[in-house]
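Hi,

Here is the model I promised to pass on. Have a look first, and my notes follow below.

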Amino acid sequence: MTKYVGQSVKRKEDYRLVTGTGQFVGDIRAANMVEAVFVRSTHAHAAIKGIDISEAQALEGVHAILTGMDIDGIIKPLVQFESHCALPANLEEAINPTIHYCYEDVLAKNKVMYVGQPIAVVVAENRYVAEDAADLIKVEYMTFPVVVDPFKSMEKGAPLIQEHLQNNVQADFHVTTGNAGQALKDADHILKARIQTPRVSSNPLETRGVVSIHENRTDQLHVYSSTQLPFEIRTYIARSLDLAEQQIRVTAPDVGGGFGPKGGVHPEEILVPYLSKLLKRPVKWIEDRLEHLTSARHSRDQIHDVEVAYNLDGTILGIKDHFIIDSGAVNYFGLTCAYNSAYHLRGAYKIPNYDVTCQIVLTNKTPNVPFRGAGRPEVVFVMDRIIDMIARKLKKDPVDVMRKNMIQAEDMPYDQGILVKDGAKLIYDSGDYPAALEQGLKMVDYEGFRERQNELKKQGS
Amino acid sequence: MDGVKINLKVNGQDISREVDARLLLSDFIRENLLLTGTHIGCEHGVCGACTIHVNGDPVRSCLMLAVQADGCEVKTVESLIQENGDLNHLQQAFSDNHALQCGFCTPGFLMTVSSFLEENSNPCEAEIRKCISGNLCRCTGYSNIIKAVKQAAQTVSN
């Protein structure tokens, strides 16, 4: 063990990465390879009235142009990722969830739901020609009212994002322990606040990209994708193209950063393999930065309305939270972020009365997927804001409010009274959070900081 | 589209090719010369991943056309390695200091920094920070890159 534990171990990938000999998806070449470029929606919500590809088709060097109607009935739409959406029976019983199925055509057929949604794909000799052709494709839209505010999206009569649903609330659940209602009645004070985390786009330095090579002799697809989820991609190529998983090999080569958006399955990861089979030629597609900003999946975008019951000494008796996740046009990941948020909110604090309702709402934005922390950073922020706001109200140091409410070492194992997403009880097995806090405060010289702050305040600067 | 004949030197080798006038230098290097160490992150001169040397100066190859490099001397990340296959002092310093994680931005940083160190053998931290301010890294953070640049500068001065 001493060979590794406590030792600085050299990374095996460094040599190739510092010498420029790594192999990222854009570096992969194959004989006869052609390049794909996507035509994307310039509207957030619109009907597609017509697509004129005639001029583009006439351009020299163009091999294929596909629109949604060309693949209707051939490529199945992308649907929610079952392995991430399945809930154990005891959790279902405890939180009474509703999850409506939602989906996305890999090329929009009748209407577009967000800016950047793929509408057509052009394959040409190289990317320059493919982009020339893409520019010549004329899409005729009839615009619909755009819904970008999740509260407006929930209003009766709001335009439907997914037309097969009754309304735009795609999922909801309720998790509770103790009696938050009673705590709100008993407390000295009640804090009411709206705490939001913004929508973010992740932007790894390497954009997404797919190369697919179809071997005719064995009817095998070898797909390279700059992805965090190669097996998920294999599953969804198989489902969408009616293939067996054994016919597909997905390789994630050197990946130039992921951070979440490369953790979903995107339409391009289905279409590029299909094209390589159709054209009997290797096909490459490399996303550009603009495409990444609009079409690669986003994350976060939570709005929490909290009511916090607390006493004059800073003790938090209970939290009631109703939160909304604006998931954009599609939610592929069920309650992944939502329930992670719900069961992590209280973090290191002992708050026995806790009641959370969540609604996942669809809007005309890029679909959300989990980014780093998958719902947890959002609620760490919510809880920190709660601590700060209580401290401000009581004119106390936030650290004192933290100390007052922390789970103590002697409380371990500590049962939070609710379930984890896999159905197990949320029991913290060990830990000395107060000691960790004190250590952290010492490391940053918190007391010294407060003293200097007071000095400067006195000086009025 | 009519081709334009260009002659240039890339990593010490004379190159003569006919290219489309609109071909980006970054695409020429990657697609025509197959030097895929030069990475493309944004294609509008923001991220610095495609940085190469043109006549000794660090430039963003996505903001230059291949035809503009006619008559120039170009160096890419592939030129840094020593003849015996060992890493050069800067590459070694990046590896020693964990100055890279995914490695996608790394070639750009190496080219920016190697040109900088040629003119500043003993840079202070502020100068290093300024030097790398045009290159984006998303994984590792910049602290270890700064450490690596300091180590490389010291190796040279020793």
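**What I found**

Starting with the interface: 28 residues of chain B are in contact with 22 residues of chain A. On the chain B side, helix 2 (89-96) and helix 3 (106-119) each supply at least two of the residues that touch chain A. That side of chain B splits into 16 nonpolar, eight polar and four charged residues. Bear in mind that this is a predicted model.

Helix 3 of chain B turns up again inside the chain. Its axis and that of helix 5 (residues 143-157) of chain B come within 11 Å and cross at roughly 40°. With angles under 35 degrees counting as roughly parallel and 65 to 115 as roughly perpendicular, helix 3 and helix 5 of chain B are therefore oblique to each other. The crossing of these two helices is right-handed. From helix 3 of chain B come B:Phe109, B:Val113 and B:Leu117, which meet B:Ile145, B:Val149, B:Ala152, B:Ala153 and B:Val156 of helix 5. By class, that contact has eight nonpolar residues, with no polar and no charged ones.

Then the sheet. Chain B has five strands in an open, mixed sheet, ordered 2-1-5-3-4. Strand 2 (13-20) and strand 4 (57-60) of chain B are the edges, each pairing on one side only. On average, neighbouring strands are turned by 40° against each other, direction ignored. Strand 1 (residues 3-10) and strand 2 of chain B pair antiparallel over eight bridges, and B:Gly3 stands opposite B:Asp20 in strand 2. Helix 3 of chain B also packs on this sheet, touching strand 3 (51-54) and strand 4 of chain B, and its direction makes about 40° with that of strand 3.

Cheers

Notes
Residues numbered from 1 in each chain as written. Chains lettered and ligands numbered in written order. Predicted model: local features only at pLDDT ≥ 70, side-chain atom pairs only at ≥ 80, totals over all residues. Contact = placed C-beta atoms within 7 Å. Helix = DSSP H or I, 4+ residues; strand = E, 2+ residues; numbered from the N terminus. Nonpolar A, V, L, I, M, F, W, Y, C, P; charged D, E, K, R; others polar. Axes fitted to C-alpha atoms, helices over the stretch in contact; angles between N-to-C directions. Parallel < 35°, antiparallel > 145°, perpendicular 65-115°, else oblique. Left-handed = near helix turned anticlockwise from the far one by under 90°. Pairing = 2+ DSSP bridges.
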